[in-house]
Amino acid sequence: MMSEVPDRIAFLGPPGTFSHAAVDRFFGHSDAQERLSVANIDDVFLEVEAGNAGFGVVPVENSTEGAVNSTQDCLIDTSLTIVGEIYLPIEHNLLLKDPARLSEVRRIVSHKQSLGQCRLWLRTHYPDMELCEVSSNAEAARLAADDPATAAIAGEVAARFFDLTVVADRIQDRQDNTTRFLVMAREHAALGTEHQVAGVSTGQDKTSILVYTENKPGALFRVLEPFDDFQVSLTRIETRPARDSMWSYVFFVDFEGHMQDDAVKNVFGKLAGRAVKIKNLGSYPRARV
Ligand SMILES: O=C(O)C(=O)C[C@]1(C(=O)O)C=C[C@@H](O)C=C1
């Protein structure tokens with residue numbers, strides 16, 4: 001276990017993204033830990049793996065749009081551990097540099113996830129507008145600040161950061177739109193007093209694993225059966241292409257409990273031999289939704 005809290009936290013930037021807000025929600029607003037803004041999600045993993053940051057915060061799933069694929073793919077390859085999670089309500093706005101020039105807008109830019117979370121609103125209000133994907137919401141806001149013909153979809157923080165006007169607020173298709181973020185570290189790190197020390201069961205934990213199965217009848221059933229046997233509640237199951245061979249898949253499984261809990265140990269005892277490979281991504285305190 002690390003003896004001190006590493007002082008940099010990597011996140012998808014530029015400053016003003018929802019990822020940035022998730023960092024502040026988890027670690028607090030203090031300046032004690034430097035924020036390291038990077039250009040894409042892969043770089044968040046790389047910076048923490050290289051030791052340039054102690055923690056990284058990445059979006060993993062959204063209640064409207066589902067899995068964030070780039071994060072899922074990084075989780076397959078990473079040597080990092082999940083040490084925490086954050087649920088953040090996501091409210092989108094249409095932002096413009098000069099609202100008097102709304103009629104001159106030619107394109108709307110945002111992160112792919114955000115365009116998806118506002119799909120119906122966009123179809124209703126701007127059916128013919130060009131939509132452009134950029135690397136993050138705050139990057140979209142930065143572009144809109146430079147060009148009156150570009151509108152951005154982003155959060156209020158980005159609007160303030162880049163001095164933009166909100167021309168339409170709460171434009172996400174579902175008002176309860178929420179994104180779940182993961183806190184990644186190289187090893188179980190001490191997270192300070194307001195967070196339980198990761199790596200130790202708190203009684204209110206979650207565990208994430210990756211499961212590779214054989215392409216055989218009943219393979220997934222045999223993996224899931226021990227969870228039922230020992231009454232361990234699954235919170236999420238997601239499939240991604242495994243990338244080592246075509247049409248083979250890896251399952252992302254999240255469940256309640258900690259690797260140190262007896263029920264979870266029992267599940268793993270029974271799982272041995274039922275999957276080709278299991279990768280433990282980490283046990284961490286469960287966040288409030
Ligand atoms: O662009 C941002 O502000 C991000 O932090 C990325 C991201 C994502 O990838 O899901 C985060 C939360 C929202 O769901 C939309 C975009």
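The model is predicted, so local features need pLDDT of at least 70 and side-chain atom pairs count only at pLDDT 80 or more, while totals for chains, interfaces and linings use all residues. Residues are numbered from 1 along each chain as its sequence is written.

Of the 15 residues around the ligand (C-beta, placed from the backbone, within 6 Å), Thr17, Ser19, Pro59, Ser136 and Asn137 come nearest. Elements giving two or more residues to this shell are helix H1 (18-27), strand S3 (55-62), helix H4 (112-117) and helix H6 (137-146); these are DSSP runs, H or I of at least four residues for helices and E of at least two for strands, numbered from the N terminus. Domain 1 (8-90 + 177-185) and domain 2 (93-168) each supply at least three shell residues, with bounds from an automatic or database assignment.

Next, the cores. A nonpolar core is a set of buried Ala, Val, Leu, Ile, Met, Phe, Trp, Tyr and Cys residues joined through C-beta atoms within 7 Å; buried means 20 or more other C-beta atoms within 10 Å of the residue's own, placed from the backbone. The largest has 48 residues, and among those touching the most other members are Ile9, Ala22 and Met184. H1 gives the largest share of this core, six residues. Domain 1 (8-90 + 177-185) and domain 3 (205-284) each contribute at least three. A second, separate core of 21 residues includes Leu96, Cys118, Ala141 and Phe162.

Key: A residue is buried if 20 or more other C-beta atoms lie within 10 Å of its own, exposed if 12 or fewer, and partly exposed in between; C-beta atoms are placed from the backbone.
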